[in-house]
Amino acid sequence: IPFISATYPNDGGVINTPGLVIVNSTLKAHCEGILSYLTQKHGTGKIYLIKQKGDNRIDDYFKELNLLDGKPRLNIRTITYDSTITLYSLRTKIDTTVATAIIGGSLNETFARNIADAAFAMNKTHPVTLVGMPNWDGFRSFYRNDVYPDFPIIFTTPHYDGQSNRFKESLTRNYFKLYRTRPSDMAYKGFGLSYYFINLLLAHPTDFLQHLNDKSNAAFHDFLFKPVFVDPAKTREPDYYENKHLYIMRILNGEIGRQW
């Protein structure tokens with residue numbers, strides 16, 4: 001029986017569950033997406049991952065993914081701080097003679113803000129691309145247009161509803177009739193996923209999992225579900241399926257827009 005995990009991006013301990021479909025991509029998948037983006041946009045520059053002491057999960061993901069082909073795809077150097085990050089200390093660790101990209105390797109809001117403060121200050125004299133984690137879109141301080149003027153903060157997301165179409169117009173109109181306000185981000189996600197999977201089940205009741213990427217049922221954006229094998233040597237059947245389709249977004253002057 002297929003089980004659709006719509007909001008919880010966690011695969012911890014999940015094995016031998018081929019009916020599980022994770023829609024909200026895991027942190028490791030986001031790191032994969034960031035690595036792909038940086039490979040295409042900053043492949044020849046210097047890339048630095050800033051992490052907090054003792055918080056190694058994101059750094060470990062990038063090290064693993066960067067070495068999948070046996071040799072590093074990108075030149076990524078890890079910089080570790082206890083908590084405070086100053087412009088002076090960052091300048092001493094970064095090569096300012098070449099293009100620079102910084103990966104904010106933390107899910108903690110305070111530390112993420114410290115990274116952004118230092119990167120913004122450095123960007124005044126040396127161009128910096130700052131790429132954060134998927135939960136950075138929920139940090140309120142990044143939406144104040146007077147804090148990081150004209151400095152984009154990039155993040156990844158599996159959900160994007162920026163383009164207007166008949167589904168968005170219908171949801172917006174009917175939601176407003178009911179609640180006298182515009183739909184929230186979660187309302188768009190709920191509508192889009194329900195429409196997608198219900199129609200998928202109606203069209204393919206006996207082989208549902210074989211048609212997970214049927215784009216004809218996508219209301220707002222595409223999905224890319226791929227089988228995940230926790231230990232390929234032990235099983236030929238996927239342990240679960242995960243959505244690998246990510247969008248590169250940016251927060252700029254208090255507004256969210258699509259970067260790539």
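Accessible areas were computed by the Shrake-Rupley method with a 1.4 Å probe, and for residues only the protein chains shown count as cover. On this basis the protein chain exposes about 14,000 Å², of which carbon and sulfur atoms supply 50%. The structure is a predicted model, in which local features need pLDDT of at least 70, side-chain atom pairs count only at pLDDT 80 or more, and totals for chains, interfaces and linings use all residues. Residues are numbered from 1 along each chain as its sequence is written, and side-chain values use heavy atoms, with hydrogens and water left out.

The protein chain has six helices and 11 strands, assigned as DSSP runs numbered from the N terminus (helices, H or I, at least four residues; strands, E, at least two). Its radius of gyration is 20 Å, close to the 18 Å that the globule rule gives for 260 residues, so the chain is as compact as a globular protein of that length; the radius is taken over C-alpha atoms, and the rule is 2.2 Å times the number of residues to the power 0.38. Of the 260 residues, 43% count as buried, that is, under 20% relative accessible area (1.4 Å probe, protein chains only).

The buried residues of H4 include Phe111, Ile115, Phe120 and Met122. Contacts (heavy atoms within 4.5 Å) link the buried residues of H4 to helix H3 (87–93) and to strands including S3 (46–52) and S7 (153–157).

Conventions. Buried means under 20% relative accessible area, exposed over 50%, partly exposed in between (1.4 Å probe, protein chains only).
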